[in-house]
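Welcome! Please take a look at the sequence and the 3D view, and then we will walk through some spots together.

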Amino acid sequence: MNQHILIIDYGSQFTQLIARRIRELGVYAEVIHNNIDKEFINNKIDVGLKGIILSGSHESIDNNDHDTLKKFILEIGIPVLGICYGMQLMANQLGGQVSLSTNREYGEVELIISSPSKLLDGIQVIKNNDDVNILKVLMSHGDTVTKLPDGFKKIAYTNSCPIAGMEDSNRNLYGLQFHPEVTHTILGNKILKRFVKNICQCESNWSMPNYIENTISRIKSEVGDDKVILGLSGGVDSSVAAILIHKAIGEKLTCVFVDHGCMRLNEKKQVEKMFSSYHINIIYKDASDLFFQKLSGIIDPEEKRKIIGAEFINVFQSEANKLGNIKWLAQGTIYPDVIESSNAKNGSSKVIKSHHNVGGLPEKMNLKLLEPLKYLFKDEVRKIGLELGISPEMIFRHPFPGPGLAVRIIGEVKPEFVKILQGADNIFIQELRNNLNQLTGKSWYDSVSQAFAVFLPIKSVGVMGDHRTYEYVIVLRAVNTLDFMTANWSKIPDDLLSKISSRIINEIPGVNRVVYDISNKPPATIEWE
Ligand code: XMP
């Protein structure tokens, strides 16, 4: 493995962002849980580990069962940077003092640089009115370090945080109370660059063309002459995985596209078009009747998800059996899935909705797993997709949930509801694609992170011409988000909403009312079920 950085995750919402920022510097960064031992780190050092970052956390050092920092990490001789809670753990472990503050400091604040340091020197600070060097940073903490451990010096402070940065350059240990990984910290990327490039001395060799080349040769040697099957959803991840694997093993890959009846309008056609030039074996299986039958009478969202997940596995398995002698199951798993399932295993996250995937398959069919994207973030997968020639329109499509429109039809799923929803959703998306957002200079589709329509199985009274109508309601939902963990509803202009609403009511029989969802996440989720 190449030179890289390890990020020890204590559960901060920003942990993945640290890894993404470092990878943007061309250096590979990996997120791991705290349950590691010295041998693990030593093995990593043998294959190029150059530095460690301790993430933030929602925990407090004051809490008796808070996560601890293993001392060997600070003694192993490679640079360590503690961010927020990570800095507090470091101070606490080395004999400093951390105090609970009743005032949680949250938001953008002015950081005052108090002395020269290896970590912050060379960052282009600005001078405030008193001619003091300051940086705008994002703080999000309750506890603070109130006494430095021996050997450390204070490098920065804020009005309400007496020690906001510390370093012991002899031992190569550094701490920042603020978050350099978020964009609110202006020049935060320069600080991470100083740590990764100047202090850890990593070279930039993490690039997508390299990744494609290495992955293709790895797949070739791992898979050999075996046959591989892949569940193709039409989404970015499974599509990029399919093309990458096909480049490595050609005909030995077969993809199965299962239509569960709850896809977007013309989804099969779009997928056929996307793959038309690649000559990949694809089996299109229309199983919609079976899914509708199984979903009949089911109104509970979790039950719907489970039925779709289980039936998907059955259909997929029967297609795989027809092919015979398959050894590998390929999946478009990406890095956030890996981190989240590891967090779930380690008990540091709660399941809000059970996401549909083909998780049960490998054991059931005795298959080996091939996951060529499992070290990549979404933006990296997109870069690979573009390199491999997939059209930007498909690569930048909004995410679509595995259970599809079944979780956008509230209550029971019926074919006639799917038809209404597909039509309404298609109009919404068409209009977002065709209208420019003057502020961003991009289409409205590319200016929001996710947009879709939802079907409500309730009827309301309306009037069309001289007639009373009594028809269904369509909800429009559009959100802006960076990580889909939190999201704000998108401020789509009234005249565009108005146009979309009249088109839906005029063109889609069965709908006489359209409403716009103005709930943020949290407390609402992005999907309605
Ligand atoms: P929520 O509704 O949890 O959605 O705020 C966050 C993101 O996850 C997507 N989502 C799913 N994706 N299977 C998926 O593959 C699912 O069951 C599922 N449920 C939600 C959702 O579209 C949004 O992007």
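## Getting started

Contact here means heavy atoms within 4.5 Å. This is a predicted model, in which local features need pLDDT of at least 70, side-chain atom pairs count only at pLDDT 80 or more, and totals for chains, interfaces and linings use all residues. Residues are numbered from 1 along each chain as its sequence is written, and side-chain values use heavy atoms, with hydrogens and water left out.

## A listed binding site

UniProt, in an unreviewed entry, lists Ser233, Gly234, Gly235, Val236, Asp237, Ser238 and Ser239 under "binding site". From this set, Gly234, Gly235, Val236 and Ser239 belong to the lining of the largest cavity. UniProt positions are given in the numbering used here, feature names are shortened, and annotations may be inferred rather than shown by experiment. A cavity is a set of points, on a 1 Å grid over the protein atoms alone, where a 1.4 Å probe fits but cannot get out, and lining residues have an atom within 4 Å of a point.

Let's compare two members of the list. Ser233 sits in the loop between strand 13 (227–231) and helix 7 (236–249), while Val236 lies in helix 7. Helices (H or I, at least four residues) and strands (E, at least two) are DSSP runs, numbered from the N terminus. Is Val236 buried or exposed? Val236 counts as buried because its relative accessibility is 9%, whereas Ser233 is partly exposed at 41% relative accessible area. The cut-offs are under 20% relative accessible area for buried and over 50% for exposed, with partly exposed in between (1.4 Å probe, protein chains only).

Not counting residues up to four places away in sequence, Ser233 touches Ser238, Phe257 and Glu267. A polar atom of the Ser233 side chain also lies 3.0 Å from the backbone nitrogen of Gly235. Val236, leaving aside its neighbours within four places in sequence, is in contact with Val381, Arg382, Met394 and Ile395.

## A listed active site

The "active site" annotation in the unreviewed UniProt entry covers Cys84, His179 and Glu181. They are spread over 98 residues of sequence, yet they cluster in space, with a largest C-alpha distance of 11.2 Å.

Cys84 is placed in the loop between strand 4 (80–83) and helix 4 (85–93), and His179 is in the loop between strand 12 (173–176) and helix 5 (188–199). Cys84 counts as buried at 4% relative accessibility, and so does His179 at 2%. Leaving out residues up to four places away in sequence, Cys84 touches several residues, including Gly56, Ser140 and His179.

The axes of helix 9 (residues 288–295) and helix 10 (residues 301–323) come within 10 Å and cross at roughly 145°. Among the residues making this contact are Leu290 and Phe291 of helix 9, and Lys304 and Ile307 of helix 10. The axes are lines fitted to C-alpha atoms, for helices over the stretch in contact, and angles run from 0 to 180 degrees between N-to-C directions.

Lys304 has another partner: its side chain makes a polar contact (2.8 Å) with the side chain of Glu529. A polar contact is a pair of N or O atoms within 3.5 Å; within protein, one must be able to donate a hydrogen and the other to accept it, and residues adjacent in sequence count only if both atoms are side-chain atoms. Glu529 is in the segment after strand 23 (511–516), and is buried at 9% relative accessible area. The Glu529 side chain also reaches the backbone nitrogen of Gly411 at 3.1 Å.

Most residues other than glycine have a negative phi, and most peptide bonds are trans. Where are the cis bonds? The peptide bond from Lys521 to Pro522 is cis, with omega near -15°, and the one from Pro522 to Pro523 is cis too, with omega near 10°.

Leu187 is not a glycine, yet has a positive phi of about 75°. Asn325 likewise has a positive phi, near 55°, and is exposed at 58% relative accessible area.

How values were computed:
On a 1 Å grid over the protein atoms alone, a cavity is a set of points where a 1.4 Å probe fits but cannot get out, and a pocket is an open set with protein on both sides within 12 Å along at least five of seven lines; lining residues have an atom within 4 Å of a point.
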